[in-house]
Amino acid sequence: MEPLEASRHATPNDPLRESPTYLRLSLAAAMTLGFAPGLFYRDARLSCINLLLTYASGCAARCAYCGLSGERPDGAGGQSFIRVTWPTHSLDDITQAIAARRDRVKRICISMLTNRRCARDTETVCRRLRQRFDIPVSLLVSPTVIDRDDLLAFKKAGADKVGVAIDLATPELFDRYRGAGVGGPHHWDAYWRCLGQAIDIFGRGFAGAHFMVGLGETEADMCAAMARVREMGGNTHLFSFFPEPASALADHPQPPMEQYRRVQLARYLIDAGRTRAERFAYDEAGRIASYGLPGDVIQAVVASGEPFRTSGCTGYDGTVACNRPYANSRPGPDIRNYPFKPDRNDIRRIRRQMR
Ligand code: SF4
């Protein structure tokens with residue numbers, strides 16, 4: 001890897017630096033691979049390299065909360081995505097950097113955006129990485145630009161897991177923030193259909209959905225969506241909404257911490273098969289009032305800290321590799337998704353936050 005190349009960040013949407021030759025990396029992945037300086041708060045370690053395809057024409061979608069949206073009021077689509085900048089590097093350099101830190105990398109994830117070139121380029125990048133490394137590869141797919149044949153081709157190229165970022169818990173909210181409400185191309189039904197096809201092709205437990213808490217859904221809505229995924233054979237990776245600067249929702253508040261903590265606990269219980277969402281009880285505002293389990297069981301689960309760790313794809317060792325340090329909260333004591341096991345002080349804080 002040339003030092004100059006490693007330190008030069010591309011301008012977003014640079015026509016000379018497009019996928020599949022070039023990719024963007026999350027800042028955390030760039031730090032992990034030595035492309036960017038810095039240490040993680042509390043010495044968190046990332047073991048998944050999150051990559052994002054990149055095109056001069058950008059993303060054709062207009063999701064109201066996304067930093068990559070072509071519809072950003074400042075016309076600066078592409079500057080930030082899930083809270084941080086994504087520097088661009090060549091696939092060759094990324095491959096060399098992974099080889100140099102092979103012991104630290106347990107998974108690689110390739111994220112699409114909504115661009116017709118994504119399907120073929122995802123396949124190409126996945127195949128090249130899998131030919132070089134025995135590291136599992138996840139794909140975060142855009143159902144609007146792929147079909148069942150593409151999913152089959154991705155599996156053949158060596159991917160073992162698929163994520164579908166449904167993000168919104170109800171069809172009305174999905175439409176408002178990703179579909180007709182913003183003049184965007186995405187459809188609720190297409191996302192769920194793609195998730196079903198991915199579970200069918202990759203197997204139960206090898207495909208799942210991303211959901212974002214805090215965009216107007218009730219806790220009951222979110223629990224119903226997560227239960228639907230679980231019934232289909234998938235699992236949920238949970239995010240707390242964080243306003244992207246200059247996105248249409250830049251002024252939208254984050255969800256209250258207590259709401260996020262309750263939903264994290266619900267996700268854990270649902271995905272771990274500890275209870276079923278039909279047993280949950282809600283108050284008149286749709287907030288979780290009971291998980292349908294004895295209090296001492298709930299206390300023990302909270303004390304384990306597990307529900308509050310980042311939910312993400314695992315490595316071969318079965319532990320979460322995609323722990324996305326500080327992807328939806330600033331580094332500091334009020335961590336939303338813990339990228340490591342919460343310690344005793346963290347658990348005390350979590351209990352206070354849950355009230
Ligand atoms: S959890 Fe992480 S590795 Fe899995 S699909 Fe989502 S971003 Fe990719």
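Which strands and helices cover the buried residues of H7? In this predicted model, the cover of those residues includes strand E5 (137-141), strand E6 and strand E7, together with helix H5 (148-156), helix H6 (171-178) and helix H8 (219-232). The buried residues of H7 are Trp 188, Ala 190, Tyr 191, Trp 192, Cys 194, Leu 195, Ala 198, Ile 199, Ile 201 and Phe 202. Just after H7, Gly 203 adopts a positive phi of about 105 degrees.

Helix H4 (residues 118-132) also has 15 residues, and the distance of 21 Å from its first C-alpha to its last is close to the 21 Å expected at 1.5 Å a residue. Within H4, the buried residues are Cys 118, Ala 119, Asp 121, Thr 122, Glu 123, Val 125, Cys 126 and Leu 129. The elements that cover them include strands E1, E2 (48-52), E4 (107-111) and E5, as well as helices H3 (91-100) and H5.

Two features of the backbone are noted elsewhere in the chain. The peptide bond from Ser 19 to Pro 20 is cis, with omega near 10 degrees, and Pro 20 is found in the loop between helix H1 (3-7) and strand E1 (22-25). Asp 167, although not a glycine, has a positive phi of about 70 degrees; this residue lies in strand E6, and it counts as buried because its relative accessibility is 9%, against a cut-off of under 20%.

The second largest pocket has a volume of about 660 Å³. Of the 36 residues that line this pocket, Thr 310, Ser 311, Gly 312, Thr 314 and Val 320 are the closest to its centre. At least two lining residues are supplied by each of strand E6 (161-167), strand E7 (207-213), strand E8 (235-240) and helix H9 (257-271). By class, the lining consists of twelve nonpolar, 16 polar and eight charged residues.

The ligand is surrounded by Asn 50, Cys 109, Ser 138, His 210, His 237, Gly 312, Cys 313, Cys 322 and Arg 324. This shell comprises three nonpolar, five polar and one charged residues. Gly 312, one of the residues around the ligand, is also listed among those closest to the centre of the second largest pocket.

Conventions:
Residues numbered from 1 in each chain as written. Predicted model: local features only at pLDDT ≥ 70, side-chain atom pairs only at ≥ 80, totals over all residues. Heavy atoms only, no water. 1 Å grid on protein atoms, 1.4 Å probe; cavity = no way out; pocket = protein on both sides within 12 Å on 5 of 7 lines; lining within 4 Å. Points joined across faces, edges and corners; volume = space filled by probe spheres on them. Helix = DSSP H or I, 4+ residues; strand = E, 2+ residues; numbered from the N terminus. Nonpolar A, V, L, I, M, F, W, Y, C, P; charged D, E, K, R; others polar. Near = heavy atom within 4 Å. Buried < 20%, exposed > 50% of the residue type's maximum accessible area, 1.4 Å probe, protein only. Contact = heavy atoms within 4.5 Å. Expected span 1.5 Å × (residues − 1).
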